[in-house]
Amino acid sequence: MAQSVAQPTATTAVPAPLPLKAIAPWAVFFGILMLVLLYFVGAEQGATSVFNGTDVHEWVHDARHLLGFPCH
């Protein structure tokens, strides 16, 4: 019985580069989102508090310690 084996071709597909105009709005959006999250994890407490009480602090308490922010 003869078996045929497919041989790989030498051509490779090169993906087209993404233009900066397509990436920039998403990069700005996620950059602002990360800054807001960093604020809530790192500074939402005390004098700079946006919300009254300690609810936000308690929600992000473990993340504060994970990122090295002191809170006690």
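What follows is a short exchange about those labels.

Trainee: What kind of model is this?
Mentor: The model is predicted.

Trainee: How many helices and strands does the chain have?
Mentor: It has three helices and zero strands, and the order along the sequence is α-α-α.

Trainee: Why is Arg-64 called buried?
Mentor: Buried means under 20% relative accessible area. Arg-64 has a relative accessible area of 3%, which is under that cut-off, so the residue is buried. Arg-64 sits in helix α3, residues 61–66.

Trainee: Which residues is Arg-64 in contact with, leaving aside neighbours within four places in sequence?
Mentor: Among them are Val-41, Gly-42, Ala-43, Glu-44 and Gln-45. His-57, Phe-69, Pro-70 and Cys-71 are also in contact with Arg-64.

Trainee: What share of the 72 residues in the chain is buried?
Mentor: Buried residues make up 12%.

Trainee: Why does Trp-26 count as exposed?
Mentor: The exposed class requires over 50% relative accessible area. Trp-26 is at 54%, so it counts as exposed. Its place is in helix α1, residues 20–42.

Trainee: What makes the nonpolar surface patch?
Mentor: Trp-26, Phe-29, Phe-30, Leu-33, Met-34 and Leu-37 make it, and its area is about 620 Å². Patch residues need over 30% relative accessible area; Trp-26, at 54%, therefore passes that cut-off.

Terms used
Residues numbered from 1 in each chain as written. Predicted model: local features only at pLDDT ≥ 70, side-chain atom pairs only at ≥ 80, totals over all residues. Heavy atoms only, no water. Helix = DSSP H or I, 4+ residues; strand = E, 2+ residues; numbered from the N terminus. Buried < 20%, exposed > 50% of the residue type's maximum accessible area, 1.4 Å probe, protein only. Contact = heavy atoms within 4.5 Å. Patch = residues over 30% accessible without salt bridge, like charges linked within 9 Å, V, L, I, M, F, W, Y side chains within 5 Å. Areas by Shrake-Rupley, 256 points an atom, 1.4 Å probe, with all protein chains shown as cover. Salt bridge = Lys/Arg side-chain N within 4 Å of Asp/Glu carboxyl O.
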